[in-house]
Amino acid sequence: MARQMKGLDTVFKRIVIINAWGIFSIYTVLAFSLFYFLKPTISFEILTSSRTLYSLGLSIFAATSATLISMTLAVPAAYALSRYDFRLKSLVDAVLELPLVVSPAALGAMVLIFFNNPIGSWINEKTISFVFSVSGIVLAQLITTLGISVRLMKAVLDEVPVRYEYVARSLGASPAFTFYKVVLPICRRGILSSSILTWAKAFGEFGATITIAGSIPKKTETLPIAVFMRLAAADIEGAVVIIFISLAIGLGVLHLYKKLYYQRRLPDA
Amino acid sequence: MLEIENLSIQIGNFRAENISLTVKDATIHVILGPSGSGKTVFIETIAGFKRPEKGRILFKDVDITPSPPELRMMAYVPQDLALFPHLTVRENIYFGLRARGITENVFYERADSIATSLYIKDHYERDVTTLSGGEKQRVALARALATGNKILLLDEPFSGLHEGLRKEFWFLLKKIQKTLNLTVIAITHDLEEAFFLGDFISIFINGKLHQSSSKEAARIPKDKIVASFYGLKNIFRGSWKGDNIFIPELKLTVPVCSSLILTKTEKNDFEVGIRSEDLIIYDPKRPDGISRVSPEVFSLPTLIGKITACFEKNQSVIMLFSPLNSEASLEIEIPYYKMERLRVEEKKNLALAVPPERLFFLYKNGET
């Protein structure tokens, strides 16, 4: 009986591991197929071209800006959702799932439609111009990442026992002092890992960005848009180079995230 | 003095109703109850972390119910201690002073002297995550006391320690409480801890305060729920037979003594109990020899019977005693050394004396 159980255990273990390798191989095959169109001489030229470098710089700048704004808004909102009960909390919580259930293009279209109503067009004309501009890219990325940032930060804050705050308050700390001196430092790794995932999501954003900011080369052409534009112009070699840049940055960022995520567990204090 | 008046708490499915309690200054008041009985919610409500549905908390006759925790001047030590992991030992201890914006050296010097008395000043620059269980405990206590709060709320803070260290902290807490004249409210599910630490003990079960009294009075359960929590087994139905109590199950008549009259019930059908360690067992054939019982014992109501089972604990022995011509069984607890003297042998008849003054009446839950 014990031998039979052990046999079943081994079979199950093999099936799930084969499954994991199967998924890995799908992505690996896709990545390796890029090499078919990779031409070293042209690739270097495309890589160092001013258009590519602009797209790379723009993508990094926009993703960083969107992440900073997103996290600044997400941390307090996540804290409210994690710690307090308030009116219509479940509604607020549900709306935060919007970027997960609505396509980025639809979200971008919603923003575009907003800028076509009287209030939106006043904002666009009198304050910051968002449509077909770099600000629009940041806004598009912000709209698509905000809900996810709040989700990630709520998960981080849920892991921090509320007793830290209780002790701080009993020692005379105000809620704000407790938040800045206890809660934020305790979950700093969580904030960093959430920021990295938010940044990665913003960096790869396409649908909302092209809807709001368009695809103007050397103006609103981020890396994902550059891939699309080059494919549309049948420039497969160019698209492959940009995909490689995206892959390198994406994998690097995810590696950093995983490193931080596994260190995030609270020490036993 | 801290007074809790008709406090009702509703948190999720947990409900506690009409809790009234008085905590005297410079005493240790233990809230004792089984796990999941709502003790933590209760202490968190006193600390101001949770809002009561109704009722008041008065500190020195001032209603502090609406006050936020930071203005209540009550230091709180939770079960997991919650030492701030991003701060050193020194920063943890100074936290309360810094949070209150205190800059005067005299307060920091007082915090240092508390740290010295708790033997943790030498660890000031250490990361709290590297401390041992006992060191963490000392830091948590020092941090709570450094702000000069006169009320200390302890939520089972010693439960994570091994037996030896736990007892060391019981002595330490008693000493600190006396030295600093603290009012301590400590919650625990451990009877031994409660009776060691507490000057007063309140029994809290399923959101209900069953009894609240001095430590001495707390030994006697007032109802069956508390008796069951205490693990008391010797509970029997009783009735009045003139001025005596008759226990049919044991065929035993016990005269009423003065301490019983105080709680004498008018009903003719009630329950009486006696703690297993209050019964006196001896060998009737050698009463003044091996058993070494005092002569007064021979005048007490006595049962003759046999020991049917023995269970050895660390420092004592629990025995089951079955009286002759009875189906009943009584639980007796005696120190280990007495067991050796008694020479319990199978089929040997032993005598069990029942001191009337140790009998207690049990009321149904809610009666007094």
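Strands here are DSSP runs of E with at least two residues, helices are runs of H or I with at least four, and both are numbered from the N terminus. Two strands count as paired if DSSP finds at least two bridges between them.

Before I go on, this is a predicted model, where local features need pLDDT of at least 70, side-chain atom pairs count only at pLDDT 80 or more, and totals for chains, interfaces and linings use all residues. Residues are numbered from 1 along each chain as its sequence is written, and chains are lettered from A and ligands numbered from 1 in the order in which they are written.

Back to our pair. β4(B) and β5(B) make a hairpin with 2 residues between them, and B:Lys60 in that turn has a positive phi of about 50°.

Now let's zoom out. How is chain B divided into domains? The assignment, whose bounds come from an automatic or database source, gives domain 1 (2-220) and domain 2 (229-362). Their C-alpha centres lie 39 Å apart. An unreviewed UniProt entry lists residues 2-231 of chain B as "domain: ABC transporter"; such annotations, given in the numbering used here with feature names shortened, may be inferred rather than shown by experiment. That span is 36% helix and 27% strand, with its end C-alpha atoms 31 Å apart.

Further along chain B, 5 strands form an open antiparallel sheet, in the order β15-β19-β16-β17-β18. The edges are β15 (280-282) and β18 (330-335), each pairing on one side only. Inside this sheet, 4 bridges join β16 (residues 302-312) to β19 (residues 350-353), and B:Thr302 stands opposite B:Ala353.

Last stop, the contact between chains A and B. Which residues take part? There are 20 from chain A and 22 from chain B, with contact meaning C-beta atoms, placed from the backbone, within 7 Å. On the chain A side, α9 (163-170) and α10 (175-186) each supply at least two residues, and α9(A) gives the most, with 7. That side divides into 14 nonpolar, 3 polar and 3 charged residues. Here Ala, Val, Leu, Ile, Met, Phe, Trp, Tyr, Cys and Pro are nonpolar, Asp, Glu, Lys and Arg are charged, and the others, Gly among them, are polar. Thanks, everyone!

Terms used
Two residues are in contact if their C-beta atoms, placed from the backbone, lie within 7 Å.
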